[in-house]
Amino acid sequence: MTADGLRIGICGLGTVGSGVVNIFNSHGGLIRQRCGVDLRLTHIGARRDNPDCDLASYRVSRDIFEVVRDPDVDIVVELIGGTTVARQLVMEALEQGKHVVTANKALLAEHGNELAAMAEQRGRALRFEAAVAGGIPVIKTLRESLAANVVSGVVGIINGTGNFILTEMASAGRSFEDVLAEAQALGYAEADPTFDVDGTDAAHKLVILSSLAFGVPLDKDGPFTEGIDRVAPEDLEFARELGYRIKHLGIARRQQAGLDLRVHPALVPEHRQLSQVDGVLNAVMIEADAVGELMLTGPGAGSLPTASAVCGDLVDLGRTLAGITGDPVPILGIPTADLTAQPLLSPDAVTCPWYLRLVASDRPGVMAEITRLLGDSGISIESLIQRPPQGDASHVSVVMLTDRVSGGQIGSAVAEIEMLSALKGGVTTLRVENFEEA
Ligand code: HSE
């Protein structure tokens, strides 16, 4: 920071980068007033301009590394996405003595330990509020507001695109492809939406949340991961008939035997608040010993909500740097040297009720055979729906909700059911999250 104040350089001018520029263009004066120092955007690095924002007041470079090497930039905002160039960019920025703000959850999940340690050694800040749940201030909540709590669990809807797709498919009967195209047009989805659909994006976010919640190193391979691509339109209908909604959840729980880290679609009872969180909204429920249970909800993706989180970090950093040198807030809540790995639970060992859907021949004895195989595995059925699919009278769709059993038990019972000649196709299995103690 110089006597002139703090100067910000942005790398990347996509959905979030243009949102940050727009916020500075419209609220620059307010930001400076709130920050207490002259915090201003000076230099933007992007391969091309973005028609959604006005760059007239800024220096623009086509080579993003020019921003990092600019002696007139104090804080580098990394918004290019990806993990290879982004890692180089953040490392070089830290080497150049810059502070860094990023929205890049993949980068943090994959290289966060290394980058946090590097920032810490150099006395530089690495802020990432925008990396999880868009506009919801969940990083600050976990790292600072709940710093005096022992957190036992964090459960949430942490991918806006996935929630938007499931909501629109369930409420408007729209096709997956149609809603995904709209999510891309609205700037919710990643450049390559595969990560939104297969659960990887939510897993990256869960890795960050669990590090802050439990003081563990970031481990991108930690969570068991399934995406919304497992959910068919008929699952959304059956779930509703049974009194549930299907949501894509991120679950991080501290259990006696270790950490239970999972992202997957799940049936959530319709009376639970989480089941009413629709569209691009995200929600994060935190269970902690002093505060009890709290839930934060808000836009989980999109240009301005995510840019709001980036700008919040910038103001926070500006305020901090105005008074002292270095960032007094530990990047991951505690010094990185104190982060301690904990055993992870296998998804096969974790228990919950299950939703099973299958299509089988409509002939005597088939249902008895299926229920016998479940019974032999110690699984009892709590509810059952049987419905003939339209246009094929020889097969019936069968949906069952089981009692609470382990993933391993369900896996082996389903493998046996799938060997029955009466079965048409495989068995769809989805977990039920009813928030009851295991
Ligand atoms: N693609 C992400 C989502 C953007 O839909 O949640 C916000 O991280």
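In H4, Lys-105, Ala-106, Leu-108 and Ala-109 meet Asp-201, His-204, Lys-205, Val-207 and Ile-208 of H9, where contact means heavy atoms within 4.5 Å. By class, the residues of this contact divide into 5 nonpolar, 1 polar and 3 charged. Ala, Val, Leu, Ile, Met, Phe, Trp, Tyr, Cys and Pro count as nonpolar, Asp, Glu, Lys and Arg as charged, and the others, Gly among them, as polar. The model is predicted: local features need pLDDT of at least 70, side-chain atom pairs count only at pLDDT 80 or more, and totals for chains, interfaces and linings use all residues. Residues are numbered from 1 along each chain as its sequence is written, and side-chain values use heavy atoms, with hydrogens and water left out.

The axes of H4 and H9 (residues 200–214) come within 8 Å and cross at roughly 55 degrees. Axes are lines fitted to C-alpha atoms, for helices over the stretch in contact, and angles run from 0 to 180 degrees between N-to-C directions. Helices (H or I, at least four residues) are DSSP runs, numbered from the N terminus. H4 and H9 are therefore oblique to each other. Angles under 35 degrees count as roughly parallel, over 145 as roughly antiparallel, 65 to 115 as roughly perpendicular and the rest as oblique. The crossing is left-handed, meaning that the near helix is turned anticlockwise from the far one by less than a right angle; clockwise is right-handed.

H4 (residues 105–121) also packs with H3 (residues 84–95): their axes come within 11 Å and cross at roughly 10 degrees. That makes H3 roughly parallel to H4. This crossing is right-handed. Among the H3 residues that meet H4 are Val-90, Met-91 and Leu-94; their partners in H4 include Leu-107, Leu-115 and Met-118. The contact has 8 nonpolar, 1 polar and 3 charged residues.

Ile-370, Leu-373 and Leu-374 in H12 meet Ala-413, Glu-416 and Ile-417 in H13. Of these residues, 5 are nonpolar, none is polar and 1 is charged.

The chain is assigned domain 1 (6–134 + 303–338), domain 2 (138–298) and domain 3 (351–432), with bounds from an automatic or database domain assignment. The C-alpha centres of domains 2 and 3 lie 26 Å apart. Their contact takes 18 residues from domain 2 and 13 residues from domain 3.

Terms used
Helix = DSSP H or I, 4+ residues; strand = E, 2+ residues; numbered from the N terminus.
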